[in-house]
Structure formats: structure tokens, C-alpha cells
Amino acid sequence: MADDRLITALDVHTLEDMKRLVTTLGDRVSFYKVGMELFYSAGPDTVRYLKDQGKHVFLDLKVHDIPNTAAQSIRALTRLGADLMTLHGTGGKAMMRAAADAVAEEAAKLNIARPKLLAVTILTSMDEAAWQEIGGKDTVANAVLNLARLAKEAGIDGTVSSPHEAKEIRALNGPDFLIVTPGIRPSFAAANDQKRITTPAQALRDGASHLVIGRPITQAADPVVAADKILEEIQEVHA
Ligand SMILES: O=c1ccn([C@@H]2O[C@H](COP(=O)(O)O)[C@@H](O)[C@H]2O)c(=O)[nH]1
């Protein structure tokens, strides 16, 4: 049975590959992520197709620019009708505020449901060493928490962060804040390039609202079996 807490990342190159995966996974997956790899290759048709299939869409394009450019880009993306969209929290509070205002304005103008905006904090592929290499002065966890606080103050709906920070973000930003966590690895899957990882059930127990899982499903020998195992695991953790 589908569970909206599972978001499957469609990191493939073409519309045809995307459609094949969505057809294969059928009704068991209700929420998909379209990221840069797919969107830069196949464009807005990806989102339209998924919406036509009755799926929820997380459009993860990680907008990062000065406030005006970020806001206008987010405004344009709002017209595609995704459910969730991202921008980088490291663009700062003024940028996040401008983008949040732009989404609200554009959705009201079009009379559509307002897509929720998520701030990407520190990528889940970074460990402490990688973070310090780019000049991080505090721990990854503290930097993530600071960005989560700024995001909420700026009117952003949630964060993209690793499951390692979920418990503290939940305590800081309350029950309604979205905590969307990539870096999820079921026991049967390889870590790949992800560094701050945990299992699907543990991430939910720690307060994640959604799990983003790509390769453990899409590159599995049998994606249906992999998705079913994950769904079985998370159904034991109540929302
Ligand atoms: O910090 C981040 C932000 C985004 N992602 C995205 O999530 C998926 C994870 O895919 P896996 O194959 O399960 O590793 C991928 O699309 C990333 O772009 C992230 O991993 N970490």
C-alpha cells in the first residue's frame, strides 16, 4: 500500500526511463522527486506527466541565487504545480523570505494550491571533514539547526536535511514543520556517496516527515521488491 512519507527519487535521464519506472512501481508509490538530472534532460513534461498520473511531486531544483533571481525562478516553477520545491538555505534569510512570498503570491494569482517550499541545509553527502574543507566553523549538526531556524523565521515550510539532525529540528521547529530526509539507506542497500545516513524506520522515529529514497529502489535488481520492503519497514512506524 502506498505511503506518502516515501518519496522516490527519479534520478534517470529521459522521460521514457521515468515513465517505465513509474509504471513498474504502480500504485505502491504515490510521491516522486524530480531532480536536476531528470529536469535538465526532460523538462516540465516530467512534472506534468506525474501530476496526470495522480502522483505528488517534489520538484528538487535547489534554487540558489540573490533574492530577486531566486524569487522569480521559484515564481516560474510555481506554475508547474508541484507539491514541494527546494531552494538552498545558505542563500540566506532574505532570499528564503523573497522566495516564500513569491510562491504565495503566484499560487494565489493562479488560484492553485501553494507548493510548499523546503530549504536545503547541508547536503547529506557531506561529513564533518567535507564541511570543514569548505570553511564550516561549527559542527554540521549546529549549522543545519541554524539554517532550520532561519528557514522557519523566513516562512519556509520545512528543511531537506539528513536524518541525523531530524530529532533536533523537530524539537526546534515543532510538529507541523516538514523534515524531508535523503540519506536513507535500508539495511539491504549500499551507502553510495551518502555520508549522513540511517534506515527508513529510524529516520521516521527521529521525526522525519518524509524519506527521499532513490538508488536503493531505482537501481535495485527488482525495484518493486525494494519498494515493498521499504514500505513494510515504514508501516511499522506510525505517522
Ligand atoms: O542533501 C541532499 C539533498 C538532496 N538529495 C537528493 O536526494 C536523492 C537521494 O538519492 P539516493 O539515490 O537515495 O542517494 C538524490 O536525488 C539527491 O539529489 C540528497 O541526496 N541529499
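**Figure 1. The annotated domain, residues 5–230, in the predicted model.** An unreviewed UniProt entry places the feature "domain: Orotidine 5'-phosphate decarboxylase" at residues 5–230. The model shown is predicted.

**Figure 2. Overall fold and dimensions of the protein.** Eleven helices and eight strands make up the secondary structure of the protein. Along the principal axes, the C-alpha atoms fill a box of roughly 45 × 40 × 35 Å. The radius of gyration is 17 Å, which agrees with the value near 18 Å that a compact globule of 239 residues would have. Of the 239 residues, 43% are buried. Among contacts with a separation of 6 or more, 68% are between residues 24 or more positions apart. The average pLDDT of the protein is 98, and 100% of the residues score at least 70. For the complex, the predictor gives an ipTM of 0.99 and a pTM of 0.98.

**Figure 3. The residue shell around the ligand.** The ligand is surrounded by 17 residues, of which A9, T124, P182, G214 and R215 are the closest. Two or more residues of the shell are given by each of strand 2 (31–35), strand 8 (210–213) and helix 10 (215–218). Classified by side chain, the shell has eight nonpolar, six polar and three charged residues.

**Figure 4. Surroundings of K62, an annotated active-site position.** K62 is listed under "active site" in UniProt, in an unreviewed entry. The residue lies in strand 3, which spans residues 56–63. K62 counts as partly exposed because 16 C-beta neighbours lie inside 10 Å, whereas 20 or more would be needed for a buried residue. When neighbours within four places in sequence are left aside, the contacts of K62 are T86, L87, H88 and V120.

**Figure 5. V144 in helix 7.** V144 is located in helix 7, residues 140–153. This residue is buried, since 24 other C-beta atoms lie within 10 Å of its own. Residues up to four places away in sequence not being counted, V144 touches T121, I122, S161 and E165. A226 is 82 residues from V144 along the chain, and the C-alpha atoms of the two are separated by 30 Å.

Figure 6. S161 is found in the loop that joins strand 6 (158–160) to helix 8 (166–173). Although it belongs to a loop, S161 is buried because 32 other C-beta atoms lie within 10 Å. Beyond its neighbours within four places in sequence, S161 is in contact with T121, V144, A148, A166, I169, I179 and T181. Two of these partners, V144 and A148, are contacts of S161 for which the view may be read together with that of V144, whose own contacts include S161 and T121. L123 is 38 residues from S161 in sequence, yet the two C-alpha atoms are 7.0 Å apart in space.

Definitions and conventions: Residues numbered from 1 in each chain as written. Predicted model: local features only at pLDDT ≥ 70, side-chain atom pairs only at ≥ 80, totals over all residues. Near = placed C-beta within 6 Å. Helix = DSSP H or I, 4+ residues; strand = E, 2+ residues; numbered from the N terminus. Nonpolar A, V, L, I, M, F, W, Y, C, P; charged D, E, K, R; others polar. UniProt positions renumbered as here; feature names shortened; annotations may be inferred. Buried ≥ 20, exposed ≤ 12 C-beta atoms within 10 Å, placed from the backbone. Contact = placed C-beta atoms within 7 Å. Rg over C-alpha atoms; globule rule 2.2 N^0.38 Å. pLDDT = per-residue confidence, 0-100.
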